[in-house]
Amino acid sequence: MSDSVSRRSLCKWSATAAVGSIAGLVLAQDPVTPPSPVEAPFTRDYPAPGFKPSWKKPQISRTMVQDFVIFAHSDLNMTKTLLDREPMLINAIMDWGAGDWESGLGGASHMGRHDIVEFLLERGARIDIFCATMMGQLDAVKSFLTLQPKLIDSRGPHGFTLHFHAQLAGKDADRMLEYLQSIKKVEMRPNPFLQKPPGG
């Protein structure tokens, strides 16, 4: 092979590689395409459990879980549609990264969507202290905190507190906040998801 052919081939290969690298860089920086979830690297440094899961049935699609949790924040119709299609989504939980776990019920709760929460509870969603707080269920919240007082410092999806959820309790918000503040006084900031009354 002559030197000229070798140089020509090398130049052609270099140009192709450069274009590919630039395209890859542009795609990586494209703000329209969000990054895909990546599982953190992990290697056991302890003995494996004795029980071996059989994995006889396929897991529910992560995309479907993600979409269900997102829709449950604000879209009752799509929440119903996906749950009718896959009833096991009712208690599915999404890890948004670094252990930020959220279910459809959790999303609806911190958005103050009483209608979506009521629907999900009717379909068998597992109520928790954050949901009970947002729904104004004072007796239930008192029972949770009697059982475990440290729950006053617990955090729900995205780090939202009990006090944050209490602001979304509608007509029961003042009563719920008064109780929580009697347990632990915190500085209250405006809740961005609080619906203003008409004309307010």
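Leu76, Thr79, Leu82 and Leu83 are the buried residues of helix H3, where buried means under 20% relative accessible area, exposed over 50%, and partly exposed in between (1.4 Å probe, protein chains only). Helices (H or I, at least four residues) are DSSP runs numbered from the N terminus, as are strands (E, at least two). Looking down the axis of H3, the buried residues fall within an arc of 135°, so they line one face of the helix; the arc is that of the directions from the helix axis to the C-beta atoms. These buried residues pack against helix H2 (62-71) and H5, contact meaning heavy atoms within 4.5 Å. On the other side of H3, Asn77, Asp84 and Arg85 are exposed. At the start of H3, the backbone nitrogen of Asn77 has a side-chain oxygen of Asp75 within 3.3 Å.

This is a predicted model, in which local features need pLDDT of at least 70, side-chain atom pairs count only at pLDDT 80 or more, and totals for chains, interfaces and linings use all residues. Residues are numbered from 1 along each chain as its sequence is written, and side-chain values use heavy atoms, with hydrogens and water left out. The predictor's confidence in each residue is given as pLDDT, from 0 to 100. The protein chain has a mean pLDDT of 87, with 82% of its residues at 70 or more. Over residues 1-28, pLDDT stays under 50, and the model has 1 contact beyond four places in sequence for this stretch.

Side chains of opposite charge can pair when their charged atoms come close. A salt bridge is counted when a side-chain nitrogen of Lys or Arg lies within 4 Å of a carboxyl oxygen of Asp or Glu, and the structure holds 5 of these salt bridges. One of them joins the side chains of Arg123 and Asp84, at 3.2 Å from N to O. Arg123 lies in the loop between helix H5 (114-122) and helix H6 (129-134) and Asp84 in helix H3 (residues 76-85), so the pair ties together parts that are 39 residues apart in sequence. Arg123 is partly exposed, at 35% relative accessible area, whereas Asp84 is exposed, at 53%.

Another salt bridge links Arg113 with Asp115, whose closest N and O atoms are 2.7 Å apart. Arg113 is partly exposed at 24% relative accessibility, and Asp115 is partly exposed at 32%.

Arg175 pairs with Asp172 in a salt bridge, with 3.3 Å between the closest N and O atoms.

Gln181 is found in helix H9 (residues 173-183). With 17% relative accessibility, Gln181 counts as buried. Leaving aside residues up to four places away in sequence, Gln181 touches His163, Val186 and Met188.

Trp55, in the loop between helix H1 (3-29) and H2, has phi near 50°, a positive value in a residue other than glycine. Trp55 is exposed, at 60% relative accessibility. His158 lies in the loop between helix H7 (138-147) and helix H8 (162-166), and its phi is near 65°, again positive in a residue other than glycine. His158 is partly exposed, with a relative accessible area of 36%.

Conventions: A polar contact is a pair of N or O atoms within 3.5 Å; within protein, one must be able to donate a hydrogen and the other to accept it, and residues adjacent in sequence count only if both atoms are side-chain atoms.
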